[in-house]
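Hi everyone, thanks for making time for this. I'd like to walk you through one model this morning, so please have a look at the slide first.

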Amino acid sequence: MTPRDPSRVADEAASAPQEPQRTCVGCRGRGSRSVLVRVAIEDGRAVVDHRRSMPGRGAWLHPDPECLAQALRRRALPRALRASDLDVTGLTVDEPGPRPPTSQTG
């Protein structure tokens, strides 16, 4: 077993993504939080969490109707949200919503 090259560790840290990575439950592709849309449960219904701060479990989707269709076809939303009787009627992910406030100073 060869020892790990310490110079590569620094390179890996420098190339690490700056934002948390999430997996789309529709296409299973990965993306950053700012690219994906969070879906959460509110009163037994699946709703888009525009501020990404609703309590409870969340599922992440690309803002693409095809990813939503795949997630519904595979029953991935109820599984990811751990809700067997989830109401997904009226759920759309392609509409732009308000962005969460950023805490940038300067």
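Let's start with Cys 24, which is buried, at a relative accessible area of 0%; buried here means under 20% relative accessible area, with a 1.4 Å probe and protein chains only. Before I go on, this is a predicted model, so local features need pLDDT of at least 70 and side-chain atom pairs count only at pLDDT 80 or more, while totals for chains, interfaces and linings use all residues. Residues are numbered from 1 along each chain as its sequence is written, and side-chain values use heavy atoms, with hydrogens and water left out.

Where does Cys 24 lie? You'll find Cys 24 in the loop between β1 (21-23) and β2 (30-32); strands are DSSP E runs of at least two residues and helices are H or I runs of at least four, numbered from the N terminus. Leaving out residues up to four places away in sequence, Cys 24 touches Gly 29, Leu 36, Trp 60, Leu 61, His 62 and Cys 67, where contact means heavy atoms within 4.5 Å. Take Trp 60: Cys 24 and Trp 60 are 36 residues apart in sequence, yet 5.1 Å apart in space, C-alpha to C-alpha.

Now the core. By nonpolar core I mean a set of buried Ala, Val, Leu, Ile, Met, Phe, Trp, Tyr and Cys residues joined through side-chain atoms within 4.5 Å. The largest one has 21 residues, and Val 25, Val 39, Leu 61, Leu 77 and Leu 91 touch the most other members. At least two residues each come from β3 (37-42), β4 (45-48), β5 (58-61), α2 (65-73) and α3 (76-81). α3 gives the largest share, four residues. In soluble globular proteins, nonpolar side chains tend to be buried together.

Next, Arg 38, in strand β3. Is Arg 38 buried or exposed? Arg 38 counts as buried, at 8% relative accessibility. The Arg 38 side chain reaches the backbone oxygen of Gly 56 at 2.8 Å, and a polar atom of that side chain lies 3.2 Å from the backbone oxygen of Met 54. A polar contact is a pair of N or O atoms within 3.5 Å, one able to donate a hydrogen and the other to accept it within protein; residues adjacent in sequence count only if both atoms are side-chain atoms.

Finally, β3 runs antiparallel to β4, joined by four bridges; strands pair if DSSP finds at least two bridges between them. Glu 42 has Arg 45 as its bridge partner in β4. The hairpin has two residues between these strands, and Asp 43 takes a positive phi near 55°.

Notes:
Buried means under 20% relative accessible area, exposed over 50%, partly exposed in between (1.4 Å probe, protein chains only).
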